[in-house]
Amino acid sequence: MRMDKSFIPTLKETPTEAVITSHILMLRGALVRMLSAGIYSYLPLGYKSLRKVSEIVREEMNAIGGQECHLPALNPKEIWEETGRVEAFGDTMFHVTNRDYVLAPTHEEIIAFHAKGTIKSYKDLPQIWYHIQTKFRNEARPRSGVIRGRQFLMKDSYTLDTTFEELDKSYALHDKAYRKIFDRCGLKYFIVGASSGAMGGSKSEEFMVKSDAGEDTVAYCEKCGYAANSEVATSVVDGAPRHDNSEEIKEIHTPNVHSIDELCAFLKINETQCAKSRIYMHDNAPVLVLMLGNDEVNETKLTSVLGGNVRPCHPEELKEISGADAGSIGPVGFKHKIIADNRLKDANNLFSGANKNDYHIGGIDLNRDVANLEYYDLRTSETGEKCVRCGSPIEVFKAIELGHIFKLGTKYSDALGVVYQDENGQEHPVVMGSYGIGCDRVLACYIEQNNDEKGIIWNKTLAPFEIHLIALNMRKETVVNLAEKIYDEYTKEGFDILYDDRPDAQAGFKFNDADLLGMPVQVIVGEKNAKEGKVEVKIRRTGDRFVVPVEELKSKLKEILM
RNA sequence: CGGGGCGUAGCGUAGCCCGGUUAUCGCGCCUGCUUUGGGAGCAGGAGGUCGCAGGUUCAACUCCUGCCGCCCCGACCA
């Protein structure tokens with residue numbers, strides 16, 4: 001592709017709306033342009049890379065027996081109502097206003113719809129169906145460029161199986177395919193156990209990339225590879241000690257003491273002697289959650305322990321329920337359900353709120369003073385705590401979710417009546433799995449991980465072009481002749497070349513654009529070298545540069561691009 | 001949806017608090033000449049509903065009200 005008169009509007013300056021590296025470089029490097037919040041146009045270079053991502057995904061999906069389809073993004077609302085997901089998605093789903101259609105945020109329903117008419121017998125199974133389609137989600141707050149958009153490109157595949165054992169196999173195939181896909185893309189990623197959330201189903205794992213721009217928090221053990229979304233991550237931490245003698249309960253006047261830290265400072269005690277109280281509303285009934293010290297309640301864990309709907313109580317509800325405001329609430333005398341985190345198991349001589357403003361209670365023995373107390377893992381793990389598997393310190397950090405694989409089970413086949421007949425003519429619901437990869441995110445994450453102060457550093461796999469050919473001075477006949485010759489000949493031979501043939505751009509301008517765009521190899525045609533029948537080759541990633549005679553260029557390029 | 005910030009030429013911006021000349025500067029763009037191995041120089045030039053709509057005023061980029069858009073933090077999120 002010739003650069004002169006092509007749609008590659010690189011930017012010298014950083015647009016104000018971009019703050020994370022990949023977003024900045026995707027804008028500056030002319031890969032994308034924003035149309036509206038969370039809605040991006042891919043320009044020629046960006047689209048070329050996006051298609052390379054899709055192609056890798058396609059090859060690996062086909063390799064495990066996936067069959068590519070193309071399902072509509074416009075869906076009848078009715079089918080989404082049958083599974084209850086119009087309500088489940090709520091405002092996140094786009095609705096068409098002049099007809100009863102929705103824009104599909106994912107495609108479980110549509111797959112189930114087609115499976116229903118097609119899958120009749122156990123002989124029809126298993127199946128892997130996938131497509132690469134634009135998805136629509138009305139994100140309240142799009143951010144980080146293409147990483148969280150209202151419209152994005154996703155590969156989603158769905159497996160149909162007879163049994164959960166068979167589903168395990170389909171799931172394992174996807175796990176394998178996903179590793180290959182991300183490996184081929186050159187991403188550093190890891191896999192975490194995750195909560196299934198609104199998708200339903202039993203097991204799910206996420207493919208994550210570490211990044212400050214991420215929206216998920218994960219716990220990771222470098223030593224043994226344990227990794228989990230912080231929604232479900234556990235770690236080993238010491239519990240509160242149980243002392244030989246339980247002290248008597250005593251009420252203490254604690255004016256203006258609201259937080260655990262203030263309480264510790266006021267009473268000159270340690271955090272591990274305090275029980276923090278949080279009140280949640282669980283299906284319209286209050287529940288007091290007791291945590292040790294400053295431990296944070298993990299609401300995902302709490303929800304899975306309690307089931308149903310759980311939300312924190314509003315400040316005005318607290319006084320009515322407990323008799324005190326936040327900061328003075330405690331388990332002793334609390335009249336509703338109480339549960340506690342495992343760290344508090346059998347603890348005594350604790351301090352906690354007195355359910356009376358400005359008062360705390362000391363000498364609490366949970367075994368003696370709180371009836372029917374149940375203990376669960378309710379806390380959020382933190383950096384430095386010990387790995388549940390190997391005991392090494394874990395690290396907790398932000399990450400971007402690139403892919404997610406789910407064992408769905410029969411949720412959708414039950415709702416939409418997708419059944420098959422077994423050998424005995426008995427009907428059973430088809431067992432489903434669902435697997436997604438955010439193609440835009442693959443691109444953005446790659447750039448997050450592969451850049452320097454000059455710009456993007458592509459590897460051959462995802463680069464829009466393999467070679468960036470730079471003719472330094474288009475007014476010198478020797479330069480033009482050589483560059484044109486290389487461009488024509490090598491393009492015919494299958495090299496994918498971006499040719500900077502802009503007539504007026506200065507050398508420095510071209511060099512900087514080339515570094516910004518980041519093709520793996522730059523071939524530089526300058527006057528001095530050209531006269532001697534030589535060109536310069538620069539490797540973008542390492543910055544290495546060397547001069548080669550034109551006769552040797554081809555073999556050299558083949559060697560580099562192998 | 002809550003909190004904060006911003007909206008002036010294709011991009012980045014000054015001016016606004018304290019209303020009053022022809023709305024500032026840099027990049028980019030056009031013309032000419034020079035230059036051509038790390039974002040060139042000189043000269044000339046084009047380009048603006050100052051986000052939109054009301055209001056106050058003799059007078060609004062500037063003050064007031066409403067709306068829209070964008071960014072950041074949070075809530076939410078498959």
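This is a predicted model: local features need pLDDT of at least 70, side-chain atom pairs count only at pLDDT 80 or more; totals for chains, interfaces and linings use all residues.

Reader: In the open sheet of five strands, which strands are the edge strands?
Author: Start with the order, which is β17-β15-β16-β18-β21, with mixed pairing. An edge strand pairs on one side only, so look at the two ends of that order. Those are β17 (310-312) and β21 (374-376).

Reader: How much does that sheet twist from one strand to the next?
Author: Think of stepping across the five strands of the open sheet, β17-β15-β16-β18-β21. From one strand to the next, the twist averages 35 degrees.

Reader: Which residue in β17 stands opposite methionine 281?
Author: Look at where β15 meets β17: the two run antiparallel and are joined by three bridges. Follow methionine 281 across to β17, and the residue facing it is arginine 311.

Reader: Which helix packs on this sheet?
Author: We want a helix that touches β15, β16 (285-292), β17, β18 (337-341) and β21. Its direction makes about 135 degrees with that of β17. The helix covering residues 299-306 does this, and its name is α8.

Reader: And in the three-stranded open sheet, what stands opposite proline 76?
Author: That sheet has the order β4-β6-β5 and antiparallel pairing, with β4 (74-76) and β5 (94-95) at the edges. Three bridges join β4 to β6 (residues 101-103).

Reader: Why is the pair of tyrosine 178 and phenylalanine 207 called tilted?
Author: It's one of 13 aromatic pairs found in the whole structure. Tyrosine 178 is in helix α6 (residues 164-185) and phenylalanine 207 in strand β10 (residues 204-210), so the pair links distant parts of the chain, 29 residues apart. The ring centres are 5.3 Å apart. Planes under 30 degrees apart would count as stacked and over 60 as edge-to-face, so this pair is tilted because its planes are at 55 degrees.

Reader: What is phi of asparagine 256?
Author: Most residues other than glycine have a negative phi. Asparagine 256, in the loop between β14 (250-253) and α7, has a positive value. Its phi is near 60 degrees.

Reader: Which element gives the largest share of the lining of the second largest pocket?
Author: This pocket has a volume of about 400 Å³ and is lined by 24 residues. The elements giving two or more of them are α7 (260-267), β15 (275-282), α9 (315-322) and β19 (350-353). The largest share is six residues, and that comes from β15.

Reader: How many charged residues are in the lining of the largest cavity?
Author: About 30 Å³ of space lies in this cavity, and among the residues lining it are Ala240, His243 and Leu350. Sort the lining by class and you get four nonpolar and five polar residues. As for charged residues, there are none.

Key:
Residues are numbered from 1 along each chain as its sequence is written. Chains are lettered from A and ligands numbered from 1 in the order in which they are written. Side-chain values use heavy atoms; hydrogens and water are left out. On a 1 Å grid over the protein atoms alone, a cavity is a set of points where a 1.4 Å probe fits but cannot get out, and a pocket is an open set with protein on both sides within 12 Å along at least five of seven lines; lining residues have an atom within 4 Å of a point. Grid points are joined across faces, edges and corners, and a volume is the space filled by probe spheres set on the points. Helices (H or I, at least four residues) and strands (E, at least two) are DSSP runs, numbered from the N terminus. Two strands pair if DSSP finds at least two bridges between them. Axes are lines fitted to C-alpha atoms, for helices over the stretch in contact, and angles run from 0 to 180 degrees between N-to-C directions. Contact means heavy atoms within 4.5 Å. Rings of Phe, Tyr and Trp (its six-membered ring) pair if their centres lie within 6.5 Å; planes under 30 degrees apart count as stacked, over 60 as edge-to-face and the rest as tilted. Ala, Val, Leu, Ile, Met, Phe, Trp, Tyr, Cys and Pro count as nonpolar, Asp, Glu, Lys and Arg as charged, and the others, Gly among them, as polar.
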